[in-house]
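Student: Could you walk me through this structure, one step at a time?
Tutor: Gladly! Take a look, and then ask away.

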Amino acid sequence: MASSVETLEFQAETRQLLQLVIHSIYSNKDIFLRELISNASDALDKLRMESLTAAELEVDTSDLHIALEVDQDARTLTVRDNGIGMSRDDVVELIGTIAKSGTASLLQKIKEAEDDAAAQGLIGQFGVGFYSAFMVADKVVLRTRRAGSEAGSQWESDGEGSYRIQAVDDLPVGTSVTLHLKPADSEDGLADYLAGWKIRQIVKQYSDFIRWPIRMAAEPADGGDVAAGEVETLNSMKALWARPRSEVTEAEYSEFYKQISHDWLDPAQTIHMRAEGTFEYEALLFIPSQAPFDLFSRESKRGVQLYVKRVFIMDDCEALMPNYLRFVKGVVDAHDLSLNVSREILQHDRQIRNVRRRLVKKVLGALKDVQGADSERYAQLWGQYGRVLKEGLLEDTDNVEALLPLVSVDSTHDKEKTTTLREYVERMKDGQEAIYYLTGETRATVENSPHMEAFAANGYEVLILTDPVDEVWTDQVPAFDGHRLQSIAKGQVDLGEQAAEGDEAAEAEKVKRDEAFAGLLPWLTTALSDQVKQVRLSSRLTTSAACIVGDAQDMTPTLEKMYRAMGQQMPQVKRILELNPTHPLIIALRTAHEANADDPALSEIAELVYGSALLAEGGDLPDPARFTRLLTERLTRAI
């Protein structure tokens, strides 16, 4: 007996996304069956898990399977499972609504995608594969009953503006999805999905590694190897990770990766490993070729799938993979864990921590192998995952030494190619002790910074760091290969002294210069006391009049802004104003001060020098209106 039918409308954004899925996104319509079989497999995994952990759940798990049923007269294809099933609320939440959040941003990303492959990747990552059924069907009917419940539900939609839902009695536990198929149309890419040979082809290509049997009754002259009416199992069911690597082809790895990740591209790297001893497990991990669109979203899921003796335990097991490797996909099958293990227990399990350490070393080792074997391919991977890998320099102190050689950043050495820290060290000048770097918002900002002048003039290479995380990890990592990392915008930098060490004439010139500015520097320090803590002469400037630097342990202005943006109250950090003793403006300022130290115009010029230095490094003026007024007045007097 069925109850009254309730008709509900799709959300506006959901309707738009549904139309994109049906008409625009999937170029290969065969994919609908993979998506439905994958959903059915998940339902079987969940029923097996609940049957082992919920004693009150009385269900028969002796023959869990997926059945494909063809009705030639009604032109329907049904995908049926005897898995966990869904309640009415589950149906409305999981089927009636494509996504609970983020739909608008996904639509925008799809519209901005440059090609079909990119758009397909976004859809696959967002997990709306159920709706691909509407590419091949005029109507979809879903009937389901959740294990442990007597009430069943039926959901029905034509994929337009609404769906219908009603209660249905006497349903078996599990879910069936019946597709009322459109006629075959080769021009539109619609195959005859009632043909047994076509169904077998799709299952073999996309779902051969599903751990549950996928069954279908053979029909006369459908091209099968069994008699008509006999039920055949279409998939091999052998867990790919349990097979020796020598017996698995790259094509099989690729298809398995696409099955678990819903990606459309082949993986960039495959890691297949087996550990034996006190704690046995197998792992099959993949590094995707392209970063997911939600890589930096707080709501994105991370972690790999966890199985225990091929029994599914959980998706997104965060305990097995650190946050900075959240892009890694795959499966870990542990032999010695309890089936009812919880996420909280995993976080504190010593054996799981050991597995995690080994997995991290394997992933970092795989990246290192790519780096050594194919620099161009590694550059593509670093472009996708470099920002998150640098997070590991802050989060994973145990693997800093393994992560540092992987760092690949821009440099003044080459405008087109990035460089590693190892390559930088190999090019260091004789007598150079530090690895020099400068952070900034863009490469152009860094290259045009006054701090660069003496380094460029003396032929010193400088790393150009433009990721926000660069502001943090460079302070946390003390050195690489015995060479400290030094910001050229912090502390004392005297390349002239390095070049002329032991030159008595140069040392005498420095003493003479210091004496010449002995009166101006203390006066400027007092005049600009609200902005800076010291004014001193610079050896890092060649063409600019002044620049602003910090002490070696000071927080950079960019990092200070980041903390403030996160709502943290930060004390004002006063920095140091450095003057170029050979610049005409600074020489004229010294001369004017010597002539009349009480001239009020000198204080205004001092403000202009400071403001100009602040602007040159991309900083914000404390009082832009006052700076503009002073500059206008000085220019007016000069004309």
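Student: How many helices and strands does the protein chain have?
Tutor: This is a predicted model, where local features need pLDDT of at least 70 and side-chain atom pairs count only at pLDDT 80 or more, while totals for chains, interfaces and linings use all residues. Residues are numbered from 1 along each chain as its sequence is written, and side-chain values use heavy atoms, leaving out hydrogens and water. Helices (H or I, at least four residues) and strands (E, at least two) are DSSP runs, numbered from the N terminus. Counted that way, the protein chain has 22 helices and 23 strands.

Student: What share of the residues of the protein chain count as buried?
Tutor: Buried means under 20% relative accessible area, exposed over 50%, and partly exposed in between (1.4 Å probe, protein chains only). Of the 639 residues of the protein chain, the buried share is 49%.

Student: Is E276 buried or exposed?
Tutor: E276 sits in the loop between β10 (269–275) and β11 (281–287). Its C-alpha atom is separated by 9.8 Å from that of H335, 59 residues apart along the chain. Because the relative accessible area of E276 is 64%, this residue is exposed.

Student: And R350, is that residue buried or exposed?
Tutor: R350 belongs to helix α9, which covers residues 350–373. Its relative accessibility is 54%, so R350 counts as exposed.

Student: Among contacts between residues at least 6 apart in sequence, what percentage join residues at least 24 apart?
Tutor: Contact here means heavy atoms within 4.5 Å. For such pairs in the protein chain, the value is 71%.
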